[in-house]
Every structure is written in structure tokens, then in C-alpha cells.
Amino acid sequence: KGKCPEDGWDESTIELFLHELAIMDSNNFLGNCGVGEREGRVVSGLVARRHYRLIHGIGRSGDISAVQPKAAGSSLLNKLTNSVVLDVIKLAGVRTVTSCFVVPMATGMSLTLCFLTLRHKRPKAKYIIWPRIDQKSCFKSMITAGFEPVVIENVLEGDELRTDLEAVEAKIKALGAENILCVHSTTSCFAPRVPDRLEELAVICANYDIPHIVNNAYGVQSSKCMHLIQQVGAVIDAFVQSLDKNFMVPVGGAIIAGFNESFIQEISKMYPGRASASPSLDVLITLLSLGTSGYKKLLKERKEMFSYLSSELKKLADNHNERLLDTPHNPISLAMSLKNLDETNDAAVTQLGSMLFTRQVSGARVVPCGSVQTVNNYTFKGFMSHTNDYPCAYLNAASAIGIKKQDVDVFLKRLDKCLKTFRKEAKQEKSINEISDANAATEQLED
């Protein structure tokens, strides 16, 4: 049926299935005689076993989704993977999606492929409207495709950084709609930035007849991000998501999906040459082993862990005279202020990040005030904070798919220890300063 099974398969069943696919490829035929330059020859048995002898990759030179006559098994693997992934995207919340394909590139390069496909539809266009998000790969995706990003600064609403819709529309009018390739928006992001206002952006795109590409990097795991995409529907030309972040497989693949099947096929035909089957193989094995019930369970657990992380991080923040930033529109990432730490010592904020890393806490981002970074000749002030001048330094933590209660508890324990260390050092420094001041005052009196 081309759908993800409800109950996951055991490993021996999956291996039998992959073996049956592999023996359909010509390189595994007993009497095969190959005289071409690409015959699926692999010298290492270890490498062959690692890929289950599915060596030919996917697609043909002119289309990543095309069937290879001498690689029927690999081609079937590709078709099945795309079909199963489409089923899971619907299950995750985008019910009306019509087409998708797995591409063996991470999110940034997959976005580049989308932009290059749009170039043929809008030959005059040279700009991409991009509500700012401080993440290098999505910025570089536009540069690599040969376009000029037009950075739209976010607006601060309470603690949240949100899409400046007026600035987007004003920039479209100033540049001319025909000169704009697309609006490049974002759903999943680090707090205090929150998902872009997709519905309002969709209205603007429709009014000016401008394409809309959505970076949904780790949004599949969030019902809120997927709901935003579903609400906008066909007004989005394509949305791109990472395989590793959403399905817990090795880095190296992404899913390009959309509501217009012909446009998604155009993107697949834009990919030059054949492609590695590894990302497709990894995600198919994973989804067959989980089944829809297993993946739903992971989504449910992630949401529960987000609530737990939020409540416990708030308690910790209160104990250290900090606060959990109020970012209700961000369903994955949280941020805790580091105002007192920042005021005590300029280097303390970045030092906290180093302390957490050396204590084996990965993924937590510590964002100081006022850092400046240049990316492809464009200078970002307040880099990593998604705005030029956020009111305070802060720390990020995310509840992503696969996170366990133990991860949250250990993180909070180690963060608490680090913050206590800073408070103790601050008290000692204060005491030393007070003694020094007292000694100075005594010397003055004696004089």
C-alpha cells in the first residue's frame, strides 16, 4: 500500500525485506556481466554489507526520482521510501500534502535546490525575502543559489521575536515583485524567536504572486509547526525538513515536500545525476521498525518532555534570580535569561557555555549580548539572538524528539551547579572588594 505499517517490524523481517530488494539489482545477479563504468562494484565486503548490497543509488542522470532498469530493487526502495515518508508527514499534521521525496543532502543544500528550480520560473528575480533567523546554513542556501538575501529584522513582542509583516510588504513594494524569487520563511527555530507568521505571509505572497518556500528543519516533530503549514496549504510552494532531526537517523538527508505535485517533480528533476541511497535506506529502516504507533509515541513523549523541561527550567531560573522567557509560540525551544550573570562579568556568559560543554551537556546554546559575525560579507549584529539588540543574554534548551526525562534531569542538575559556581565566585569577589575598600578607608583615616 506504500504506507508506514501501524506496528513496527522486527529487525530480521526488515533485513529479509532489504535482501529481497537487493537481489533485484543487477550487480547482485549470479551471472551478471558488467562492461560499463558504473556497475555497482564494491571491493570491500564490509562496505557492501553496510549498504545491504544496494549499491546503485537512486534515480538516473536526469531525475532523482526516475527508475533505473538495472537497479529495480534500489528503485523500488526509493519509491517506497518516498511513499512511506509522505504517509508520515500526513500523520504528523500536514494532511493535504500531495508529494515529497527524500534528497541525499541536508536542509541547507535542499533549500538551494528549491531556489534553483524557482530560477527557471522567475528569470528576472535576484532577491529572496528572508525574515531573519541566525542560522548559517539557511542563509548560505540563498547565497549558494546565486541570490541576494533581503534580511527582514524581527519585531520584539514581549519576550518573543516575531515576523515584521509590514517590513516584508514594504520591501516587496520597494524592490518590485517581479525581482523577488520568493519569501523564505522558517517554522522551527531557537527561542526567543518563534515560527514565522505563515498565514499572513501566505496572504502577502498570494497578493503579489510571489512563491513561498518554508524551512521546516525540525518541524515535523511539532504538531504546532505542522499545523501552521497545513493551514497555509497550497499557497506554500515547498517545505523542507531534515531527516536526522525528525527521524533520528545519521546526518545527510532531507525531505522536500509540497502541495503541487508537478512543482515537487520539477525540483527532483533539477538534481543533477544519481544520488546516494543511504538516507532513503536509513529512514525506511527506521520507519519500518517504529511503525506509525511507534512514531506517534515518540511525538507524544517529546511534547510531554517539553512541558516538563519548561516547568523545571522555570523553577531553576527562579532559584537563581533569572526567569524563563515567555515564548508560548515556540513549541520546541526554551530560553532562560542570564541577566545577572551578564552584569556580573562580561565573559561569564560564554564561560557558562564552555562549562556546560566540558560537563558533557550538548545542544544548550548560550547567547551573549552584542556579538557580531560576518557571514558571506553580510554582518549580523547580535548574532545568534536573531536581532540586533536583544534585551538580555540567555541560554537555550530544546525538547527534541527522542529526549528522555533523564536528559532533562541531568542537564538541570549540571546547569544548577555551574550557576552556583558563578554565584560563589561573585560573592568571594564582592567580599575581597569590600575588604580592600575597608583597608583603603582605614589607611586614609590613619593618614
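## A charge over a ring

The charged end of R365 lies over the ring of F190, 3.9 Å from its centre; this label requires NZ of Lys or CZ of Arg within 6 Å of the ring centre and within 35 degrees of the ring normal. Please keep in mind that this is a predicted model, where local features need pLDDT of at least 70, side-chain atom pairs count only at pLDDT 80 or more, and totals for chains, interfaces and linings use all residues. Residues are numbered from 1 along each chain as its sequence is written, and side-chain values use heavy atoms, with hydrogens and water left out.

## Aromatic pairs

The structure holds 11 aromatic pairs (rings of Phe, Tyr and Trp, the last by its six-membered ring, with centres within 6.5 Å; planes under 30 degrees apart are stacked, over 60 edge-to-face, the rest tilted). F190 and Y218 form a tilted one, with 6.5 Å centre to centre and 50° between the planes. This pair links distant parts of the chain, 28 residues apart: F190 is in the loop between β6 (180–186) and α7 (198–208), and Y218 is in the loop between β7 (212–215) and α8 (223–232). Helices (H or I, at least four residues) and strands (E, at least two) are DSSP runs numbered from the N terminus.

F190 counts as partly exposed because its relative accessibility is 25%, while Y218, at 14%, counts as buried (buried is under 20% relative accessible area, exposed over 50%, partly exposed in between; 1.4 Å probe, protein chains only).

Y390 and Y394 form an edge-to-face pair, 5.5 Å centre to centre with 75° between the planes. Y390 is buried at 6%, and Y394 is buried at 0%.
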